[in-house]
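Thanks for coming. Please have the sequence and the model open while I talk.

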Amino acid sequence: MVIAIDLGSNTFRVALIKKVQNGFSNEQIYEKIVGAARGLNESGKIGFEAKNRLFKAIAEAKSKFDFTKFKCVAVATEAFRVASNSEEIFSEIREKFGINFHIIDGQAEAKLTFLGVQNALRKLGINDKFSLIDIGGASSEIGEEGKFISFKFGIITFYERFKTLDLMQENAKIYTKEAMEFLTSLDNKLIVLTSGVPTAIAALKLGLNYESYDPKKMSGYELKNDDLAWFINELLKMDDRSADVAVGRSRKYPLIAGTLLLEELLNGQNAKFIVIDDGLREGVGAAYLKGIFQEIITKF
């Protein structure tokens, strides 16, 4: 078994991954919104408050997982690829918590996410060829096996750039134009959606809130085009306190931003859309247990 950590531009996710007969499974999971990309557009750095949230989340994870018994493999993504103080933060994490983070590029992130999603699909009995969309906090990975592109837009950076609903609606198409063209060129009949936006939509459709969220109920959920507009309308009807309960604290407007981006990407796609909760975190664990983690992060 291995402890796999995905430090994204918005969320810190940890899982104890075990090899099982039909692939890999999560024995224990933990996640926390840390908002690493908040303020990144303006400062070029991981902010002081984001750093404190991250350190608190790591301390909580250390209290829940047996880091003395299992190997820990940790990766960090786009916010840390571009932030000028990433190495300083990770040096402090190594000293304080004994965890060594690998800052991986967009291609490695996409490949590892693909492995995590592929494993989840196989457990659902789905072995079809598929395309992947992973809209993160500061970047989005799109592609199919052997062919990925990491695009420089994400829900936090997009929301912080435009702030208002009108401006986000005006600019979502512009921001996703290249990505949508690439996705269309893949011409797959199955598009798998992972990350916080599609899982939040599926959860609300299933009557779950942030506290009652169940990842097992998300995986395999078929998302319809109409669900995205419905989700935005539902959030807009909620006051901030109600939205905090429904989708998590301070996630209302970033999720609306991400849904607008996803709407543009899926517009006109003649495909089935399936939500999978598993992603980069699970892919990191699977790759390590298969002995290909180092190869993936150094190849790309």
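This is a predicted model: local features need pLDDT of at least 70, side-chain atom pairs count only at pLDDT 80 or more; totals for chains, interfaces and linings use all residues.

The protein chain is divided into two domains. Domain 1 is made of two segments, 2-106 and 288-298, and domain 2 covers 117-275. Taken over C-alpha atoms, their centres are 22 Å apart.

Now the boundary. On one side, 17 residues of domain 1 are in contact with 16 residues of domain 2. The area buried between domain 1 and domain 2 is about 1,400 Å², and carbon and sulfur atoms give 49% of that.

What about polar pairing between the two domains? Seven residue pairs are in polar contact there, counting pairs with both residues at pLDDT 80 or more. On the domain 1 side, β3 (23-33), α1 (40-43) and α3 (78-82) each supply at least two of the residues that touch domain 2. The largest share comes from β3, with five residues. By type, that side of domain 1 divides into six nonpolar, eight polar and three charged residues. The count of salt bridges between the two domains is two.

Lys152 pairs with Glu78, with the closest N and O atoms 3.1 Å apart.

Which residues does Asp277 pair with? One is Arg13, at 3.1 Å from N to O. That pair links distant parts of the chain: Asp277 sits in the loop between β11 (272-275) and α13 (280-290), Arg13 sits in strand β2 (residues 11-20), and 264 residues separate them. The other is Arg281, at 4.0 Å, N to O.

The cut-off for buried is under 20%.

These residues belong to a network of salt bridges that links Arg13, Glu31, Asp277, Arg281 and Glu282.

Glu234 and Lys237 meet in a salt bridge at 2.9 Å, N to O. Both lie in helix α10 (residues 225-237), three residues apart, about one turn of the helix. Lys237 has 64% relative accessibility, so Lys237 counts as exposed.

That is the end of my part.

Conventions:
Residues are numbered from 1 along each chain as its sequence is written. Side-chain values use heavy atoms; hydrogens and water are left out. Domain bounds come from an automatic or database domain assignment. Contact means heavy atoms within 4.5 Å. Buried area is the accessible area (1.4 Å probe) that two parts lose on being put together, summed over both. A salt bridge is a side-chain nitrogen of Lys or Arg within 4 Å of a carboxyl oxygen of Asp or Glu. A polar contact is a pair of N or O atoms within 3.5 Å; within protein, one must be able to donate a hydrogen and the other to accept it, and residues adjacent in sequence count only if both atoms are side-chain atoms. Helices (H or I, at least four residues) and strands (E, at least two) are DSSP runs, numbered from the N terminus. Ala, Val, Leu, Ile, Met, Phe, Trp, Tyr, Cys and Pro count as nonpolar, Asp, Glu, Lys and Arg as charged, and the others, Gly among them, as polar. Buried means under 20% relative accessible area, exposed over 50%, partly exposed in between (1.4 Å probe, protein chains only).
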